[in-house]
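Visitor: I would like to go through this model and ask what stands behind some of the labels.
Guide: Go ahead.

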Amino acid sequence: MKKQRGFTLIELVIVIAILGILAGIAIPRFLDSRASANGAKLLADLRAIDSAYNVYEARTGQAPTTIDQLVNYGTGNSLLAAVPVPPSSDMLITQNDGTQHRFTALDTSYGITNGRATYTCGEGSKEPVEWYLTYTGSTPGGGSSGVADSLTTSSWASFLAQAAGGSGANTDTALYKDSTGIYLLRYNQYISSQAASANPTLAEYAAANPDNAFKVDTDNILTSANMTTLYGQTVWKEDSLPQAGDVYQDGTNYYVCIRTATNIYNCTSLSNTGDWLKVS
């Protein structure tokens, strides 16, 4: 009878080593894939709640205070199918500048703060979607990012009362927000809008004063990646010319574009307060 030969100790060690190497490659990729899915869910949930919030307010004339109101909005008229549940483990998010950042899951529910859908993670408290797309590892100005931390006003009277002080280096220009978004407005034009409405919303004012009021685009933030060098001079890429209301991030500082660039050489100096408003 022929004797069967088993594996030698060296062969077993080699097989175990190979399995260990494969596991070391596969497990981190699996965890990153799961974290990326969690990050995508977080962003999608916050945007869905923001959208439902705006529709609710437009239809009812009142701002919802809880997410439940968006789900239980009349018979057959739910703006959300159900209350979204945040991820329960780490979230990996690709940010506007192309870098990735991992956030620690903390809160078990979303909230509504100052008219925006927010989530509290291990790195920040009650933060909106823009914060997760621009987070740099530190919080500019000791709070949320300068873009998300704009002054809030619920009435035209309080809006005018705050307006004179302005914000940033340019005291004639300031950022304000309501439930419809964040707006950059020029103070020396504020009073004129009262003729059209006794208590206009920021959206109404921006529509009536397109040259002096812009809705800030916090979803697509410009960075140095949107610029290039031409004959030794820093210029904008052809497809990245800043529009009025665009945001540029320079390290931990944020700037809002005041005037639209008409060519690649326009609005390249962030220190020019006629082109940019520094908000953090």
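Visitor: Why is Thr223 called buried?
Guide: This is a predicted model, and the value is computed from it. Buried means under 20% relative accessible area; Thr223 has 11%, so the label applies. The residue lies in the loop between β9 and β10 (227-230).

Visitor: Which residues does Thr223 touch, leaving out those up to four places away in sequence?
Guide: Asp97, Tyr248 and Gln249. Contact here means heavy atoms within 4.5 Å. Gln249 also has a bridge partner in β13, namely Tyr254.

Visitor: What is the strand order in the open sheet of four strands?
Guide: The order is β9-β12-β13-β14, and the pairing is mixed.

Visitor: What makes β9 and β14 edge strands?
Guide: β9 (217-222) and β14 (276-278) each have a single partner strand, so one side of each lacks a neighbour in the sheet. Neighbouring strands of this sheet are turned by 35° against each other on average, direction ignored.

Visitor: Which residues have the most contacts inside the largest nonpolar core?
Guide: Leu42, Leu46, Phe103, Tyr119 and Tyr132, in a core of 23 residues. The largest share of this core, six residues, comes from α1. A second, separate core has 12 residues, including Leu184 and Val256.

Terms used:
Residues numbered from 1 in each chain as written. Predicted model: local features only at pLDDT ≥ 70, side-chain atom pairs only at ≥ 80, totals over all residues. Heavy atoms only, no water. Pairing = 2+ DSSP bridges. Helix = DSSP H or I, 4+ residues; strand = E, 2+ residues; numbered from the N terminus. Axes fitted to C-alpha atoms, helices over the stretch in contact; angles between N-to-C directions. Buried < 20%, exposed > 50% of the residue type's maximum accessible area, 1.4 Å probe, protein only. Core = buried A, V, L, I, M, F, W, Y, C linked by side-chain atoms within 4.5 Å.
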